[in-house]
Amino acid sequence: MAPVLEVEELKKKYGSLEALKGISFRVEEGEIFGLIGPNGAGKTTTLRIISTLLTPSDGRVTFLGFDLKKNPEKFREKISYLPEEAGAYRNMKGIDYLNFMARFYASNESEARLFVERAIGISGLGERLKDKAGTYSKGMTRKLLLARALMTKPALAILDEPTSGLDVINSLEVREMIKGFTKEGVSVLLSSHNMLEVEFLSDRVALIDRGVILDSGTPRALKEKYQADNLEIVFRRAVQ
Amino acid sequence: MKNFSHLLIKEIKELLNKQLIISLVVMLMIFNFIGNVTKSEMKKAMARQKIALLDLDKSAISRNIVAALNMANFIIVEKSGEKEKVVNEIRNSDLDLLVVFPPGFGQSISSFQPSQLETYSYLRGISPIGARKLDIVNAVLRATNDFLFNDFLKKKVPDLDPNLLKAPIKSREFVVVREQMAEGSASMVIGSLLAQSFILPIILMVIVMYSAQMVITAIAMEKQNKTLETLLTVPISRGSIVTAKMLAAGLVGLLSATVYMFGFRNAFSFTTSDVSQALSGVAPIMQQLGLTMNTQGYALFGISLFLAILCALSLATILGVLAEDYRTAMNLQFPLVFLVMIPYFVSLFTDINTLSLPAKILVLAIPFSHPFFATQNIMFGHMNLLWFGIIYNFLFVSVMLWWTARIFSTDRVLTMKLRWRKKKVVL
């Protein structure tokens, strides 16, 4: 089966700082692929490049056969990106925000309505969607944004630290949301420094540190390889 | 196109929020209040002036002068008694001027000796309009001297018109503008031009400042609310995002400026209407001199203004990208405000053509300057300067838009920041 996303020798420099030193990985259809690593490892830079926010210094990214440098608009049509510190328009009601975003992806009104209805279900915010986003708690905002990212059933959802700043209950709900959606054929590329979360969610993971992928595979295979109980220990041993 | 209009509507809604509408309404109310206060003060200053008069002379001449002052549009409140007492009494009244005819005043005049009447002006505060009341001292003296002079001449040479003796030389004034010439007063023509153009620099300044402020705020708020990254990943071109932001800012800025100007005009309408009324006779002279704007002139002025607004919007967009939040955005507006204020004050207080060459180059290098001088250039036929402004602004806008589009299509839209400590732009 052809991968949804293929990253080959991806490099990114910020002046003299080399944030990515040639990383490669693939995301298959319907799988959750996790990038794990500490802060500053290069996770967000990788996700930002794939979501067309940053331009790569070198290397190749192909998504559904399209090249990132030549067809960034094709990426934008089929990819949903949830940044780590994203927010919603504070003066917009939650429902209006979903409507606003849905129209960019929908080809007609009825499709836009379908997206919004799906988002209402995903978010679980109910009546609170009629309130302005500025009145939402961090957890509610995150749910709204996740619903926005998933409502179009993108070919690839890129989620940067999806449970960042959330309490335990909200984190669990968000993880269930993500897990549930891949059953409908959505591929997910997520990053987190919470390795236990990634272990719970991901079909396959890549360990990234200082712009280099140290190893990759299923959580189970990695644990066996490094003779560890969890991915945190796997990561520590991989770094060593 | 569908996504563009969708984004444009969202941008307009974001900018045209409750806070902006409330601030515009409050501004209109403040203007209305200022207008009412100023109008009533002006009315008082323009009304027949009340003056107190103490006639210690009681001669025929002094009585005649009192009668003449009455006829010369003054309301005379006659006082009697000792001078010191009257001077003190008026301190506590609403009268601002006391005229005293000292004893022997009529006698001195009859014997052609220098005569003095005394005037006491009561200052009760300072205001430009209130200061006009003090002119009545001169008006009283002028009216008194006129009366005495005419009276004397009538007695001595009954057949001669006193006015002919006072001003034996009459002049015919002509005004020349380029190839055109018309009979009339140059000061009236200048007065009429200034009265008509009084409001224009203010309109220009407000439009440019409002539009720039809107676009800086729009981008800074996207950054502050952390919505910019998401917006940049939706399926819409970066060019459309920039254009929607600039267009929305331009439209809302124009609307705000219109409301502002409506309030301003209402508040200060007395000034322009009074002057226009006084100078209405100048219109045919102006027409004869070609000092009126035709359709082509208005079109050229419109192009000049449109390009200046685009310059402001493109500059503001780049400044908006540099801003990290709303607070920084407010600070970043200062350079723009400063650049608008320079041509504003130059257009109010001086003629661009009389500035020294370095000063002229400096002013004309500011893209916002050109519409400030466009009407003057059109009316006085300085077409080279006008076209220079249009071409300069066109090139400026092209470079700025190209740069803005480049910033938005690269990493810089997210990574460009102003670092105050290092005082440099990090790209």
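In the predicted model, strand E1 (residues 49-55) of chain B is joined by 4 bridges to strand E3 (residues 97-101) of chain B, and the two run parallel. Strands and helices are DSSP runs, of at least two residues (E) and at least four residues (H or I) respectively, numbered from the N terminus; two strands pair if DSSP finds at least two bridges between them. Within this pairing, Leu54(B) has Val100(B) as its bridge partner in E3(B). Residues are numbered from 1 along each chain as its sequence is written, and chains are lettered from A, with ligands numbered from 1, in the order in which they are written. As this is a predicted model, local features need pLDDT of at least 70 and side-chain atom pairs count only at pLDDT 80 or more, whereas totals for chains, interfaces and linings use all residues.

The two strands belong to an open sheet of 4 strands with mixed pairing, in the order E2-E1-E3-E4 of chain B. Its edges are formed by strand E2 (74-79) and strand E4 (118-121) of chain B, each of which pairs on one side only. Neighbouring strands of the sheet are turned against each other by 25° on average, direction ignored. Helix H3 (residues 60-71) of chain B lies across E1, E2 and E3 of chain B and runs at about 140° to E2(B); axes are lines fitted to C-alpha atoms, for helices over the stretch in contact, and angles run from 0 to 180 degrees between N-to-C directions.

The domain assignment of chain B, whose bounds come from an automatic or database source, gives domain 1 (2-39 + 179-426) and domain 2 (48-165). The centres of these domains, taken over C-alpha atoms, are separated by 52 Å. The largest nonpolar core has 144 residues, of which Val208(B) and Ala312(B) touch the most other members. Such a core is a set of buried Ala, Val, Leu, Ile, Met, Phe, Trp, Tyr and Cys residues joined through C-beta atoms within 7 Å; a residue is buried if 20 or more other C-beta atoms lie within 10 Å of its own, exposed if 12 or fewer, and partly exposed in between, with C-beta atoms placed from the backbone.

In chain A, strand E1 (residues 5-14) and strand E4 (residues 58-63) run antiparallel and are joined by 5 bridges, with Val61(A) as the partner of Val7(A). E1(A) is also joined by 8 bridges to the antiparallel strand E2 (residues 17-27) of chain A, where Leu10(A) has Ile23(A) as its partner. The hairpin of E1(A) and E2(A) has 2 residues between the strands, and Gly15(A) takes a positive phi near 65° in this hairpin.

A further open sheet, with mixed pairing, comprises 6 strands in the order E6-E7-E8-E3-E9-E10 of chain A. Strand E6 (79-82) and strand E10 (212-217) of chain A are its edge strands, and the twist averages 15° from one strand to the next. E6(A) and strand E7 (residues 156-160) of chain A pair in the parallel sense over 4 bridges. Helix H9 (residues 231-239) of chain A lies across E3, E9 and E10 of chain A, at about 45° to E9(A).

The contact between the chains takes 22 residues from chain A and 18 residues from chain B, two residues being in contact if their C-beta atoms, placed from the backbone, lie within 7 Å. On the side of chain B that touches chain A, H1(B) supplies the largest share, 4 residues.
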